[in-house]
Amino acid sequence: MARYPLHRPDSPAWRDAVRTARAQLDADGCAVLPGFVRASWRDRLRTEGEAVAPRAHHETAVVNVYNTDPDPSLPDDHPARLAMERGNAFVARDRIPDSALVHRLYPLPAFRAFLAACVGVPELHELADPLAGLCLNVVAGGRSHPWHFDTNEIAISLLTRAPEAGGEFEYCPDIRSAEAENTAAVADVLHGRGGDRVRRLVLRAGDLQLFRGRYSLHRVTEVRGSTARHTAIFSYSARPGVVGSAVRTRQLFGRTLPEHGGSRSVRVDGLMD
Ligand SMILES: O=C(O)CCC(=O)C(=O)O
Ligand SMILES: [Fe+2]
């Protein structure tokens, strides 16, 4: 189904694809593999997404850029104090059939090995989270997915249905690091003063995107028209055993499972979530 030679890691084409993705990631925290899913599979990709989209958890949430609880002790101009409406909805992994293309790709060793090489880590593991490891992000007309950072270091997404208009992916490469929140620059972007920091991507269905979402602020702008924008989001970690917190899981999916009952899950740094 993929146009890229996932199963031939010794081939020049595999190495070229990895080299290009790595260079893009290093240069601006984001790599796009255009037409990752072959044209002949794109109808199926779209219709499988459409079939599960009604299973999304819809709950317009008021969030901040870190997805943390409101903290009145922070100064007024701290970016965590700005409330935004999160209008997207997620379909959890356990509601996506095993037979769906995206569900077959997610655990595929050749896919994970290819992505690990692109990202520059020895191995990428599936999340141990039965809901968050793979989901479909549904952004309906009039809705947006506001500025945020991801919990995961690297986000992998595949657009399965493009909207008629709007729904653009905007991001600010490496605006924070594991050592520094850089709240002044983050506040500028939230208030529309991001200027050249803000890059914009127009993706087409079947394009695969690799993205340093924990350090690069990003959003999906408002979708216009009646066609919802659908993306499959593949989450991996360099370490096995990662599970979302119960609070975050409830926010995203409206429910938790026994796996979410543990203490704060594995994170690589001390940044705000
Ligand atoms: O749907 C997208 O393109 C981005 C989604 C996203 O940023 C997220 O799910 O954290
Ligand atoms: Fe994100």
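Q: Why is Ala100 called buried in this predicted model?
A: In this predicted model, Ala100 has 21 other C-beta atoms within 10 Å. A residue is buried if 20 or more lie within that distance, so Ala100 is classed as buried. Ala100 belongs to the loop between β4 (89–91) and α3 (101–105). Its C-alpha atom and that of Leu131, 31 residues apart along the chain, are separated by 16 Å.

Q: What makes Pro146 buried or exposed?
A: Pro146 has 23 C-beta neighbours inside 10 Å. The cut-off for a buried residue is 20 or more, and Pro146 therefore counts as buried. Pro146 sits in strand β7 (residues 145–148).

Q: Which residues does Pro146 touch, not counting residues up to four places away in sequence?
A: With those residues left out, Pro146 touches Met84, Glu85, Arg86 and Arg219. Pro146 and Glu222 are 76 residues apart in sequence, while their C-alpha atoms are 8.8 Å apart in space.

Q: Why does Val63 count as partly exposed?
A: Val63 has 18 C-beta neighbours inside 10 Å. Buried residues need 20 or more and exposed residues have 12 or fewer, so Val63 falls in between and counts as partly exposed. Val63 is placed in strand β2. Leaving out residues up to four places away in sequence, Val63 touches Met84 and Arg86.

Q: How do you know that the length of helix α1 agrees with its number of residues?
A: Helix α1 (residues 12–28) has 17 residues, which at 1.5 Å a residue should span 24 Å. The expected span uses one less than the number of residues. The end C-alpha atoms of α1 are 24 Å apart, so the two values agree. Gly29 follows α1 and has a positive phi, near 70 degrees.

Q: Which residues make the contact between α1 and α4?
A: On the α1 side they are Val18, Ala21, Arg22 and Leu25, and on the α4 side Ala117, Cys118 and Val119. Six of these contact residues are nonpolar, none is polar and one is charged.

Q: What makes the phi of Asn67 worth noting?
A: Most residues other than glycine have a negative phi. Asn67, a residue other than glycine, has a positive value near 55 degrees. Asn67 lies in the loop between β2 (61–63) and β3 (84–86).

Q: Why is Asn67 called partly exposed?
A: Asn67 has 19 C-beta neighbours inside 10 Å. A buried residue needs 20 or more and an exposed one has 12 or fewer, so Asn67 counts as partly exposed.

Q: How do you know that Asn182 is partly exposed?
A: Asn182 has 17 other C-beta atoms within 10 Å. This count lies between the limits of 12 and 20, and Asn182 is therefore partly exposed. Asn182 is found in the loop between β10 (169–172) and α5 (183–190). Its phi is positive, about 55 degrees, although Asn182 is not a glycine.

Terms used:
Residues are numbered from 1 along each chain as its sequence is written. Chains are lettered from A and ligands numbered from 1 in the order in which they are written. This is a predicted model: local features need pLDDT of at least 70, side-chain atom pairs count only at pLDDT 80 or more; totals for chains, interfaces and linings use all residues. Helices (H or I, at least four residues) and strands (E, at least two) are DSSP runs, numbered from the N terminus. Two residues are in contact if their C-beta atoms, placed from the backbone, lie within 7 Å. Ala, Val, Leu, Ile, Met, Phe, Trp, Tyr, Cys and Pro count as nonpolar, Asp, Glu, Lys and Arg as charged, and the others, Gly among them, as polar.
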